[in-house]
Amino acid sequence: MARTVKRWLVLLAAVSLLLVNAVPAAASPAPYESYNYNYWKEAVPSPDAYLPERTISGRDLGISEFKDPGDVNVSPSGLIYILDSGNNRIIVLDPGFKLLSVIDGFMMEGSKETFNLPGGLFVDEEERIYVADTGNGRVVVLDGEGTLIQTITKPESDILSTQFQFQPLKLTVDHVGRVYVVAQGVYEGIMQFDESGKFIGYVGTNKVERDYGEYIWRMLSTKAQRAQMVLFVPTEFSNADIDHKGFVYATNIDPGSNEPIKRLNPSGEDVLKRFGYYDVKGDIRFRNNPGPSKLIDVKVLGDGMYSVLDATQNRVFTYDDEGHLLYMYGGKGNQVGTLKTPVAIEQSGEHHLVLDRGKNNLVVYEPTRFGARVNEAVALHYRGEDTEAVNIWREVLKLNANYDIAYIGIGKSLLMEKKNEEALGYFELGMDRKSYSVAFKRHRREMMKEHFGTFLTAVIALIVILILTRVAVKWRRRRQVDREAGFH
Amino acid sequence: MKQDFIKFPLHLIFHPIDAFWDLKSDNRGRLLVAFAALALTIVMMILQKQYAGFLVNYIDPRTINSIIEIATVAVPFFLWCMANWAVTTLMEGEGKFREIVLATGYSLIPVILVYAPMIVVSRFMVQEETAFYYLFNSIAFFWFVLLLFIGMMTVHQYTVVRTIVTMVLTLIVMGIIVFLGALVFSMLQQLYEFGYNIYRELIFRT
């Protein structure tokens, strides 16, 4: 008897061991941990929004390896342009990541010209390629075939000093052909050129953050000491992109800034909406990290969304038009999907592309069900179609019950449908006090309208009862007095 | 019973100058009332954190801890009484320790009386009206400070300036007590560590 039991136990143990091996541990296929910040500024684990799909290197395309690639851009027609700075060439891919052509120079005034360590490129609607040819100190404009249209060289202007070195790093172009150039050592803002290459002026200067401690220290020091101190100069921009309305999105890498992303209107003012729980600046909490996010690229995704690339932790943060952090992905590392030295982010259809200078390749990220649903819902909300967005938000909540933006989205739609009481619960879950207040005000008014009759009846009844009791008490007291006086 | 435990405290908060004198000379104060006021204040603080309306409640519900709430009210209360007693004894105050506890405890009554309805009302407020919530809470606080001030003045038979000086000194002494307490605690800990290390050395050497 005992032996059979023992044998069965051994068998059971063996089977259970086999079963453990048979079922693979359910783990995230991403080599990074996704999270989002909640109302209390804690990083809460979140489903992955984007997963690495593949990487593209020079060898994959059948050409020599990339060397320090600097920028990537996708034209409105879907062609992918990679600026291979170290090899001074532009690689053109079709939307399916097949090699189309390589542009390694252009003809200018009868002679062949090449690039010299170009930093950035941009392709406009008419497939014109704008290249920030940093080493040669010019911006080169080519058409789709690689024929020169014009060059923008060092601008002649009264507001520029004679020693000024024009070294364009990054650029973007609006739909009327104005070129916005982020140039090296230019603290005044983004340089703006008109379509003929004439310098117009600067837009969007970064403000100097005043450090009062430093200020007092400076007052106390001698002239010689002061001369050795660092100057308070505004920080440079690191990158720029443009949305369909012609607003320039720009990033700067000032580590102390709470507004490293700017959305500049035509007169150069920052009009980025910051209605989220916290600053729009990438990571807001860093305990073991090297520090705040260093944003080096921004990509406008459409429907108010934009992604920024953080070079501190090599992550990509995506925000909606109101400044809510939608999701993040990426991280430091050597696996496919983690990044070594990311330099640029782009969007090609549903995919996100991140150019990694450290690994000399282009990483293609693909949205997961969660990421795709979030994008969809945010787009619908942005277009004002909140009713349609609700179903998608509900699906998002099934995938991530900690997703505050979804609660707020559903709440806002319910509010629109005048379902105020239901909306209250969603706003409370999303910690949106402003909308909660609006919903509650309406709900309260409804309640008052509905129950005002009952309330008034109750009040009148109460008053009547009060008067009656008072009369009764008085009457009884008088009787008592009368009795003591012997009237009864 | 009703006279001492309900009517007198309510009379006191509206007529503090007369009532504190009655409390001292006629022996109208009851320690039970003072401690009940303290306990109810603690309860109100906890209730406010837990049940105040969403629009005024910025407390992370996961951080509410009743023990800590009790400590944050009760510890300063008794520290105040002790420090005040210590200061006023040296500064010719006429109040006994019991009277200090009574005056401090009775001063807390407006806090309870204002907080309780405000917790209920705050649940029916919209954003624009939350200003009233904050207004009434500040009124409660200033009322408490005023009562404490008059209480101290009457109990110790001080002038206005002297009362202010003693109250400030009391706060400083509270700080000193906390500092000394922390010092003693840390010293005891180090002493314990020292003894324990010697014990361990002995154990391992043999």
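Trainee: Where do I start?

Mentor: With the ground rules. This is a predicted model, where local features need pLDDT of at least 70 and side-chain atom pairs count only at pLDDT 80 or more, while totals for chains, interfaces and linings use all residues. Residues are numbered from 1 along each chain as its sequence is written, chains are lettered from A and ligands numbered from 1 in the order in which they are written, and side-chain values use heavy atoms, leaving out hydrogens and water.

Trainee: How many helices and strands does chain A have?

Mentor: Helices (H or I, at least four residues) and strands (E, at least two) are DSSP runs, numbered from the N terminus. Chain A comes to nine helices and 27 strands. Chain B has eight helices and zero strands, so along the sequence its pattern reads α-α-α-α-α-α-α-α.

Trainee: What does the radius of gyration say about chain B?

Mentor: The radius is taken over C-alpha atoms, and the globule rule to hold it against is 2.2 Å times the number of residues to the power 0.38. Chain B has 21 Å, well over the 17 Å that the rule gives for its 206 residues, so it is more spread out than a compact globule. Its C-alpha atoms fill a box of roughly 75 × 50 × 35 Å along the principal axes. For chain A, a compact globule of 488 residues would be near 23 Å, but the chain has 32 Å. The C-alpha trace of chain A spans about 135 × 90 × 55 Å along its principal axes.

Trainee: How do I read contacts along the sequence?

Mentor: Contact means heavy atoms within 4.5 Å. You then ask how far apart the partners sit in the sequence. Take contacts in chain B between residues at least 6 apart: 77% of them join residues at least 24 apart. In chain A, residues 24 or more positions apart account for 46% of the contacts with a separation of 6 or more.

Trainee: What is a pocket, and what is a cavity?

Mentor: Picture a 1 Å grid over the protein atoms alone: a cavity is a set of points where a 1.4 Å probe fits but cannot get out, and a pocket is an open set with protein on both sides within 12 Å along at least five of seven lines. Lining residues have an atom within 4 Å of a point. Points are joined across faces, edges and corners, and a volume is the space filled by probe spheres set on the points. Here the largest pocket has about 780 Å³. Of its 32 lining residues, the closest to the centre are Glu428(A), Leu429(A), Met431(A), Arg433(A) and Phe54(B). Two or more lining residues each come from α7 (404-416), α8 (420-430) and α9 (433-485) of chain A, together with α3 (31-51) of chain B. The largest share, seven residues, comes from α9(A).

Trainee: Which classes of residue line that pocket?

Mentor: Ala, Val, Leu, Ile, Met, Phe, Trp, Tyr, Cys and Pro count as nonpolar, Asp, Glu, Lys and Arg as charged, and the others, Gly among them, as polar. The pocket lining has 18 nonpolar, six polar and eight charged residues.

Trainee: How many cavities are there?

Mentor: Four of 30 Å³ or more. The largest has about 180 Å³, and its 18 lining residues include Asn36(A) and Tyr278(A) among those nearest its centre. Its lining divides into nine nonpolar, eight polar and one charged.
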